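Dear colleague,

Please find the structure below. My notes on the sheet follow.

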Amino acid sequence: MVVFCQCGSDKVDIDRWDNARALLKCYTCERTAWVEGFTLGKLDFVEQLFGAILDQARKYRRRNPAERQKLLSERFQRKLMDRR
Ligand SMILES: [Zn+2]
């Protein structure tokens with residue numbers, strides 16, 4: 001899963017936790033949203049993965065957002081498979 005903000009930024013991360021809720025924050029436009037009912041674990045892994053794919057993702061910056069998102073999620077799936 002890759003989270004994009006409505007402003008088009010991919011600089012979205014978990015700002016803080018409130019019990020089972022996570023506050024997602026866009027570090028570009030400062031929009032925030034609570035996410036409830038999901039377990040967002042392995043933060044280190046996610047951050048690591050983001051770091052690794054961010055450079056790759058930037059190559060696709062000029063593609064339309066839907067296509068770019070598809071590419072990113074495919075890349076993410078491939079990474080997950082590699083770890084098994
Ligand atoms: Zn934003």
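Which order do the three strands of the open sheet have, and in which sense do they pair? The order is 1-2-3, and the pairing is antiparallel. From one strand to the next, the twist averages 30°.

This is a predicted model, in which local features need pLDDT of at least 70 and side-chain atom pairs count only at pLDDT 80 or more, while totals for chains, interfaces and linings use all residues. Residues are numbered from 1 along each chain as its sequence is written.

On terms: strands are DSSP runs (E, at least two residues), numbered from the N terminus. Two strands pair if DSSP finds at least two bridges between them. Axes are lines fitted to C-alpha atoms, and angles run from 0 to 180 degrees between N-to-C directions.

Strands 1 and 2
Strand 1 covers residues 12-18 and strand 2 residues 21-26; six bridges join the two, which run antiparallel. Val-12 is opposite Cys-26 of strand 2. The two strands form a hairpin with two residues between them, and Asn-19 in the turn has a positive phi of about 55°.

Strands 2 and 3
Strand 3 covers residues 32-36 and pairs with strand 2 over five bridges, again in the antiparallel sense. Ala-22 is opposite Val-35 of strand 3, and Leu-24 is opposite Ala-33 of strand 3. This hairpin has five residues between its strands, with Glu-30 in the turn at a positive phi of about 70°.

Regards

Conventions. Helices (H or I, at least four residues) and strands (E, at least two) are DSSP runs, numbered from the N terminus.
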